[in-house]
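Hello,

I am passing a structure on to you, with some notes on what turned up in it. Please have a look at it first, then read on.

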Amino acid sequence: MSKFWERIGGKHKRVLDELGIENFRRTISRQYSSAEEYDTSEWIANAYRQCKSLGITFIDESGIGNPMTVEVDGKLVSQDLVHSCYEAFVLKDILERSTSVCEIGGGSGRTAETILKLFPHLSYTIVDVPPAINVAQWYLEKSGITNVSFVPPKDAPQHYDVYLAISVFSELAKVEV
């Protein structure tokens, strides 16, 4: 594991121990893939409307993990929801003709949730380190997603149709990549 993930994983474990997993989307999740300028009502609403204009399909925001949400056109929307639905949209053609996905660095499980709700035929594996993999397991279980496997990096599977690595390689040392 890279020094970056050792450091941030330790920090996130302390936050989870202190504040609990129930609020992870307001605490540690914001540190994984968001910037403060994105975490605003205005940004979320504008991004949602822009995505809808492209024809992007949105799943329902579950509210699990207590995300910051905004009501837009009668729908609850979060930053995670906008990002995940956009990612699934970009991958749509590939996912429709695939049977298996391995996500390297699955984080909270937000992308897995969206992809599996939109493409339930897929077999899905998340490869990550603690505490992220523990958060993903908790989150996906609460979301009703049961067809996911979780493995540590040393056991990353081979021979999947699709490998995802969203915001991962920039945080790894060259030898890890």
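To get you started: in which loop does His159 lie? His159 sits in the loop between β5 (148-151) and β6 (162-164), where helices (H or I, at least four residues) and strands (E, at least two) are DSSP runs, numbered from the N terminus.

Before the rest, a word on the basis. This is a predicted model, so local features need pLDDT of at least 70 and side-chain atom pairs count only at pLDDT 80 or more, while totals for chains, interfaces and linings use all residues. Residues are numbered from 1 along each chain as its sequence is written, and side-chain values use heavy atoms, with hydrogens and water left out.

**Overall picture**

The protein has 6 helices and 6 strands. Along the sequence they follow the pattern α-α-α-β-β-α-β-α-β-α-β-β. Of its 177 residues, 47% count as buried; buried means under 20% relative accessible area, exposed over 50%, and partly exposed in between (1.4 Å probe, protein chains only). Among the contacts (heavy atoms within 4.5 Å) with a separation of 6 or more, 68% are between residues 24 or more positions apart.

**Helix α4 and its two partners**

Two packed helices are described by the angle between their axes and the distance between the axes. Here axes are lines fitted to C-alpha atoms, for helices over the stretch in contact, and angles run from 0 to 180 degrees between N-to-C directions. Angles under 35 degrees count as roughly parallel, over 145 as roughly antiparallel, 65 to 115 as roughly perpendicular and the rest as oblique.

Take α3 (residues 41-53) and α4 to begin with: their axes come within 9 Å and cross at roughly 25 degrees. α3 is therefore roughly parallel to α4. From α3, the contact is made by Trp43, Ile44, Ala47, Tyr48 and Cys51, and from α4 by Gln79, Val82, His83 and Tyr86. These residues divide into 7 nonpolar, 2 polar and no charged; Ala, Val, Leu, Ile, Met, Phe, Trp, Tyr, Cys and Pro count as nonpolar, Asp, Glu, Lys and Arg as charged, and the others, Gly among them, as polar. The crossing of α3 with α4 is left-handed, meaning that the near helix is turned anticlockwise from the far one by less than a right angle (clockwise would be right-handed).

Next come α4 (residues 79-96) and α5 (residues 110-118), whose axes come within 9 Å and cross at roughly 50 degrees. α4 and α5 are therefore oblique to each other. On the α4 side the contact involves Asp80, His83, Ser84, Cys85, Glu87, Ala88, Leu91 and Leu95, and on the α5 side Arg110, Thr111, Thr114, Ile115 and Leu118. That contact holds 6 nonpolar, 4 polar and 3 charged residues. α4 passes α5 in a right-handed crossing.

**Inside α5, and a buried pair**

Because 7 of its 9 residues are buried, α5 is largely enclosed by the rest of the structure. The buried ones are Arg110, Thr111, Ala112, Glu113, Thr114, Ile115 and Leu116. Arg110 has a relative accessible area of 11%, and its side chain makes a polar contact with the side chain of Thr111 (3.5 Å). A polar contact is a pair of N or O atoms within 3.5 Å; within protein, one must be able to donate a hydrogen and the other to accept it, and residues adjacent in sequence count only if both atoms are side-chain atoms.

Asp80, in helix α4, is buried too, at 9% relative accessible area. Leaving aside neighbours within four places in sequence, Asp80 is in contact with Arg25, Ser29 and Arg110.

**Points of interest in the loops**

Arg26 is found in the loop between α1 (3-19) and α2 (28-33) and is partly exposed, at 41%. Beyond neighbours within four places in sequence, Arg26 is in contact with Gly65, Asn66, Pro67 and Met68. The C-alpha atoms of Arg26 and Asn66 are 6.4 Å apart, although 40 residues separate them along the chain.

Back to His159: its phi is near 70 degrees, a positive value in a residue other than glycine, and it counts as exposed at 74% relative accessibility. Asp73, in the loop between β1 (69-72) and β2 (75-78), has a positive phi near 50 degrees and is exposed at 59%.

Finally, a cis peptide bond joins Pro130 and Pro131, with omega about 0 degrees. Pro131 lies in the loop between β4 (123-127) and α6 (132-142).

Best wishes
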